[in-house]
Amino acid sequence: MTTTFPDVSISTERLVLRALEPEDAPALAEMMNDEMVAAWTAVPQPFSEDAARTWINEYAPAERTAGRGLDLAVTEFLTQRLVGVVQLAKTNWRVRSTELSYIVAPWARGEGYASEAALATAQWLFRDREFERIELRTAADNTASQQVAQKIGCISEGVLRNACIARTRTEDGGWADLRTDYIVWSLLPEDLEGVADQFAEAGYSSFADWS
């Protein structure tokens with residue numbers, strides 16, 4: 001039984017999801033230093049280009065090789081600009097399940113890229129890798145992330161109380177931890193039925209191709 005993810009490239013109408021590359025380091029660092037990313041993730045702040053290079057050259061390859069997950073750069077098809085990251089983590093190969101998360105750069109928000117990238121990843125996992133469950137966890141106040149989960153067909157399964165540590169700005173400009181709840185979402189293969197039609201109505205195809 002396969003217990004590692006392949007080195008894959010996933011293409012949609014507007015995006016290409018691929019392995020992170022050394023040339024992504026400056027844009028990745030800039031993205032990770034965004035206020036919204038800092039508030040809703042555990043990414044160290046400030047996030048340097050050296051940290052980005054460590055992520056690209058060491059952390060991401062190690063996660064894939066060990067079978068724990070997969071980190072994909074989300075880039076625009078036409079410009080090749082880095083617009084986000086999709087991560088798979090906590091993969092259970094016996095259950096054929098994994099946890100999916102996404103980050104969108106501030107310069108690319110409002111374009112529907114998170115939904116398009118997350119849906120393409122889900123299609124690949126279900127159809128090509130024969131996964132049976134994808135799980136998402138969104139902070140209780142992170143409405144943007146929750147909207148993405150709903151848009152791709154996820155079902156809310158409940159709340160993990162006090163399970164999430166977000167961050168908030170302090171008066172002196174620093175960051176302070178803020179404990180909150182996680183909303184747990186799941187996506188099963190059958191949940192994707194009808195999602196393609198909704199994406200078509202939004203003005204773009206949900207078709208994804210991979211190699």
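## Thr 41 and its polar contacts

Let's start with a single side chain: a polar atom of the Thr 41 side chain sits 3.3 Å from the backbone nitrogen of Val 43. The model is a predicted one, and in it the side chain of Thr 41 also has a polar atom 2.7 Å from the backbone oxygen of Val 37.

Thr 41 belongs to the loop between H2 and H3. Is this residue buried or exposed? Thr 41 counts as buried because its relative accessibility is 19%, and the cut-off for buried is under 20%. Setting aside neighbours within four places in sequence, Thr 41 is in contact with Ile 103 and Arg 167.

## The largest pocket

Thr 41 also leads us to the largest pocket, where Trp 40, Thr 41, Ser 101, Tyr 102 and Ile 103 are the lining residues nearest the centre. In total, 44 residues line this pocket, and the space inside comes to about 1,300 Å³.

Which elements give two or more residues to this lining? They are the helices H2 (35–40), H3 (49–66), H4 (113–127) and H5 (143–151), together with the strands E4 (82–92), E5 (97–104), E6 (133–139) and E7 (155–169). E5 gives the most, with six residues. Sorted by class, the lining of the largest pocket has 26 nonpolar, ten polar and eight charged residues.

## The second largest pocket

Next comes the second largest pocket, with a volume of about 150 Å³. Its lining consists of Asp 7, Ala 19, Leu 20, Ile 56, Ala 60, Pro 61, Arg 64, Leu 70, Asp 71 and Leu 72.

Here H3 and strand E3 (70–76) each supply at least two lining residues, and H3 gives the most, with four. The class breakdown for the second largest pocket is seven nonpolar, three charged and no polar residues.

## The enclosed cavity

How many cavities of 30 Å³ or more does the structure hold? There is one, and the largest cavity has a volume of about 40 Å³.

The largest share, four residues, comes from E4. By class, the lining of the largest cavity has ten nonpolar residues, one polar residue and no charged ones.

Methods:
Residues are numbered from 1 along each chain as its sequence is written. This is a predicted model: local features need pLDDT of at least 70, side-chain atom pairs count only at pLDDT 80 or more; totals for chains, interfaces and linings use all residues. Side-chain values use heavy atoms; hydrogens and water are left out. On a 1 Å grid over the protein atoms alone, a cavity is a set of points where a 1.4 Å probe fits but cannot get out, and a pocket is an open set with protein on both sides within 12 Å along at least five of seven lines; lining residues have an atom within 4 Å of a point. Grid points are joined across faces, edges and corners, and a volume is the space filled by probe spheres set on the points. Ala, Val, Leu, Ile, Met, Phe, Trp, Tyr, Cys and Pro count as nonpolar, Asp, Glu, Lys and Arg as charged, and the others, Gly among them, as polar. Buried means under 20% relative accessible area, exposed over 50%, partly exposed in between (1.4 Å probe, protein chains only). A polar contact is a pair of N or O atoms within 3.5 Å; within protein, one must be able to donate a hydrogen and the other to accept it, and residues adjacent in sequence count only if both atoms are side-chain atoms. Contact means heavy atoms within 4.5 Å.
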